[in-house]
Amino acid sequence: MSSISFPHSSDEMGPSSSSLHDPMQVPFYTPPAFDMSSSFQMNPLSAHPPRTPRPSTATQSHFRNMSMSISMYDEKAEEEQDGETVKADKGEVDEDEVVELDEEDVRVKEAEKLVGAHEVWRDMLVTSNGRDKAFKLMQYSIRVYLLFHSKVLFRSGKSAWQREIVRRLTAAKNGLSFTRKMLIMFNWLAPLSQVLAQQSVPFSSSGSSLTPHSFTATSASSSKYSQLSGGPFLSHPVLRALLSAPPPILLELVNGLSDDIYSLSRLGIIGSKLGERAARFADWCWLFTTLVGLVENGVELGVIEGLQREVQSRAYKESLSGATSKSQPKASKIDERELTRLQKKNYWLQASRAKLVMDLIFVSWDIFRIKGWKDTVQSFTGLAAAVLSSAKLYDKYRTALVNKALTS
């Protein structure tokens with residue numbers, strides 16, 4: 001079997017040294033072996049130089065956009081992680097503050113349990129105002145019982161023991177009324193102190209500072225000022241302070257002085273006729289004081305109700321936005337406590353207004369000298385006013401004792 005042999009078949013398929021020098025084989029060019037180590041080889045027979053390879057612009061922009069998007073995602077992830085960390089820290093702070101508020105509420109409830117009714121009455125009866133409220137309750141309770149005794153229970157009242165009970169209770173009622181008059185004596189010192197306190201306030205409503213009057217001043221300016229202001233009497237600082245004082249304080253001052261004159265007449269120091277005039281003038285002062293108190297009470301009620309609506313609307317908006325007591329525990333707790341405080345203040349303002357209405361009805365029967373149903377109306381209105389004023393004073397002293405127990 002014959003075999004076919006190819007010329008120049010060597011192991012590396014390259015020309016030998018003898019073939020290169022052979023003239024018969026010179027026109028045939030055999031390319032050199034491909035070098036795997038080099039990345040690029042130029043064709044020696046090419047007339048054009050090779051182009052420098054450049055990266056693609058689209059590829060560059062694509063990778064640039066990818067890198068920017070990756071960096072943006074990384075920044076967003078970091079911001080979200082930081083936000084979650086801040087929210088977690090804030091949530092921990094809110095939870096701590098809510099726990100403190102809850103603990104404070106628990107302490108207040110425990111302090112309220114520790115304060116007894118006898119302790120409140122003990123502190124109330126130490127003061128003359130507290131004793132006046134206690135005696136007023138007793139006085140008008142007796143008066144209402146006498147009204148029922150004579151009109152409902154024992155209409156005839158012919159027996160001796162019935163007449164004796166009525167006599168003793170009537171004496172007790174009159175004695176309590178006189179005792180209350182003695183307890184509230186010199187109450188005009190409080191409004192007088194407020195009037196005199198204006199002397200230390202420079203540039204008051206009178207247009208000049210209220211400095212102590214000097215009777216030895218002989219300068220021309222002081223004499224001219226005295227003539228312009230109505231003489232040395234009207235230029236006295238006390239009188240000028242009285243003239244520049246607010247009307248409610250002046251009414252309270254004059255009412256206290258008139259009550260003391262009437263009390264002195266009942267003691268026998270002053271004549272009865274002057275005492276009756278002073279009592280009637282005191283009733284007029286009481287009427288105007290009650291009217292002023294109703295106006296001030298209405299203004300305060302309007303302010304408190306406005307604050308209540310503001311807190312309730314804020315809570316309603318938070319509920320619409322999805323905020324709950326769990327998501328915002330601190331804000332919900334603060335709003336709840338503020339609303340409770342405003343509701344309590346509104347309650348006592350309503351009680352004060354009811355008391356002022358009772359006083360207005362009571363004094364109107366004396367001022368306008370109404371005869372019909374006088375004993376009945378004044379007995380019930382007086383008892384209602386006594387209950388309301390005593391309850392308000394009781395709450396005041398109880399709150400003071402609770403705060404004292406919290407601080408101790």
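Okay, let's start with Trp-373, which is exposed, with a relative accessible area of 68%. You'll find Trp-373 in the loop between H11 and H12. Its phi is positive, about 55°, although it is not a glycine. Why point that out? Because most residues other than glycine have a negative phi. Just keep in mind, please, that this is a predicted model.

Where else does a positive phi turn up? Phe-186 has one near 65°, and that's not a glycine either. Phe-186 sits in the loop between helix H5 (160–183) and helix H6 (189–196).

Next, the surface. Tyr-145, Phe-148, Val-152, Leu-153 and Phe-380 make up a nonpolar patch there, and together they have about 460 Å² of accessible area. Which helix gives the most to that patch? That's helix H4, residues 128–153, with four residues. Phe-380, on the other hand, belongs to helix H12. With a relative accessible area of 39%, Phe-380 is partly exposed.

Helix H2 (57–114), helix H11 (329–367) and helix H12 (374–407) each give two or more residues to the lining. H11 has the largest share, with seven. And what is the lining like by class? There are eleven charged residues, three polar and three nonpolar.

Arg-341 and Glu-338 meet in a salt bridge, 2.7 Å from N to O. These two are three residues apart in helix H11, so about one helical turn separates them. Arg-341 is partly exposed, at 44% relative accessible area, and Glu-338 is partly exposed too, at 27%.

How many salt bridges are there? The count comes to twelve. One of them joins Asp-259 and Lys-181, at 4.0 Å from N to O. Asp-259 is in helix H9 (residues 247–267) and Lys-181 is in helix H5, so this pair ties together parts that are 78 residues apart in sequence. Is Asp-259 buried or exposed? It's buried, at 18% relative accessible area, since the cut-off for buried is under 20%.

Arg-122 and Asp-123 form another salt bridge, with the closest N and O atoms 3.2 Å apart. Here Arg-122 is partly exposed at 48%, and Asp-123 is partly exposed at 22%. Last up, Asp-132, Lys-133 and Arg-180 are linked in a network of salt bridges.

How values were computed: Residues are numbered from 1 along each chain as its sequence is written. This is a predicted model: local features need pLDDT of at least 70, side-chain atom pairs count only at pLDDT 80 or more; totals for chains, interfaces and linings use all residues. Side-chain values use heavy atoms; hydrogens and water are left out. Ala, Val, Leu, Ile, Met, Phe, Trp, Tyr, Cys and Pro count as nonpolar, Asp, Glu, Lys and Arg as charged, and the others, Gly among them, as polar. Patches are made of residues with over 30% relative accessible area and no salt bridge: like charges are joined within 9 Å, nonpolar side chains (Val, Leu, Ile, Met, Phe, Trp, Tyr) within 5 Å. Accessible areas come from the Shrake-Rupley method with a 1.4 Å probe; for residues, only the protein chains shown count as cover. A salt bridge is a side-chain nitrogen of Lys or Arg within 4 Å of a carboxyl oxygen of Asp or Glu. Buried means under 20% relative accessible area, exposed over 50%, partly exposed in between (1.4 Å probe, protein chains only).
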